[in-house]
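Reader: Hello! I am new to protein structures and would like to learn how to read one, feature by feature. Could you walk me through an example?

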Amino acid sequence: MSLEIRIAASTDAEAACTVLRRSIKECCELDHQNDPAILDAWLGNKTPQMVANWFSSPTNFSLVAISEGAVVGVALLTGAGKLALCYLLPEARGHGVGKALLKRVEEQACSWGVKALQLHSTATGKEFFAQRGYIDAGLVRSPYGVETVFFWKQLDDDATCPNAPKRKKFCNCNTA
């Protein structure tokens with residue numbers, strides 16, 4: 001699978017919206033349990049126009065993953081250091097697309113000086129984030145009625161942000 005990760009453009013909104021909607025419907029059954037009320041609420045703002053608005057917001061950093069000319073994944077980082085979106089087409093799962101999107105989001109967060117990234121994961125995505133060093137901080141109910149896992153990850157270490165500015169010591173003490 002050839003893969004390109006690039007900044008999302010407003011022209012990607014329709015394809016990205018399809019990724020979001022299919023991912024939620026087909027991959028997140030554990031979360032929505034095919035409950036029409038939950039699906040309607042969750043999918044309610046997943047329209048091409050809304051996605052285009054998210055992509056064009058100057059406070060967001062939006063990415064798409066392209067394989068063989070098609071959008072197969074989408075991620076969105078807010079200026080506040082929240083991973084608001086990280087979704088893949090069902091057939092793109094297990095091919096490194098999610099890892100590539102998350103790596104690029106973390107790089108951007110580091111470049112902004114974000115010290116910790118946070119997100120609300122579905123039960124479906126829980127293992128994915130846990131395997132990438134995210135810490136489970138408990139359950140939070142989403143506005144659309146699904147229990148999500150609040151995750152966070154410290155970013156200002158050498159492994160995640162090799163070029164991040166080092167923290168200043170608060171004292172000149174010797175800690176030998």
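Predicted model: local features only at pLDDT ≥ 70, side-chain atom pairs only at ≥ 80, totals over all residues.

Reader: What share of the residues counts as buried?

Author: A residue is buried under 20% relative accessible area, exposed over 50%, and partly exposed in between, with a 1.4 Å probe and protein chains only. Of the 176 residues in this chain, 43% are buried.

Reader: Which residues of helix 3 are buried?

Author: In helix 3, residues 36-43, the buried ones are Ile38, Leu39, Trp42 and Leu43. Viewed down the helix axis, they fall within an arc of 115 degrees, so they line one face of helix 3; the arc is that of the directions from the axis to the C-beta atoms. The face turned away from that buried side carries the exposed Pro36, Ala37 and Asp40.

Reader: What do the buried residues of helix 3 pack against?

Author: Packing is read from contacts, meaning heavy atoms within 4.5 Å. The buried residues of helix 3 pack against helix 1, helix 2 (29-32) and strand 4 (82-88).

Reader: Which residue caps the N-terminal end of helix 3?

Author: Asp35 does: one of its side-chain oxygens lies 2.8 Å from the backbone nitrogen of Ala37.

Reader: Is Ala16 buried or exposed?

Author: Ala16 belongs to helix 1 (residues 13-27), and Ala16 is buried, with a relative accessible area of 0%. Leaving aside residues up to four places away in sequence, Ala16 touches Val51, Phe55, Val71 and Val74.

Reader: Which residues touch the most other members of the largest nonpolar core?

Author: A nonpolar core is a set of buried Ala, Val, Leu, Ile, Met, Phe, Trp, Tyr and Cys residues joined through side-chain atoms within 4.5 Å. The largest one has 50 residues, and Trp42, Val51, Val74 and Tyr87 touch the most other members. Beyond four places away in sequence, the residues that Tyr87 touches include Val19, Leu20, Ile24 and Trp42.

Reader: Which way do strand 5 and strand 7 run?

Author: Two strands pair if DSSP finds at least two bridges between them. Strand 5 (residues 116-121) and strand 7 run antiparallel, joined by six bridges; Leu119 has Phe151 in strand 7 as its bridge partner. Strand 6 (residues 135-141) also pairs with strand 7 in the antiparallel sense, over five bridges. In the hairpin of strand 6 and strand 7, five residues lie between the strands, and Gly145 takes a positive phi near 95 degrees.

Reader: What does the side chain of Lys153 reach?

Author: Lys153 sits in strand 7 (residues 147-154) and is buried, with a relative accessible area of 11%. A polar contact is a pair of N or O atoms within 3.5 Å; within protein, one must be able to donate a hydrogen and the other to accept it, and residues adjacent in sequence count only if both atoms are side-chain atoms. The side chain of Lys153 reaches the backbone oxygen of Arg132 at 2.8 Å, and a polar contact of 3.1 Å joins the side chains of Lys153 and Glu106.

Key: Residues numbered from 1 in each chain as written. Heavy atoms only, no water. Helix = DSSP H or I, 4+ residues; strand = E, 2+ residues; numbered from the N terminus.
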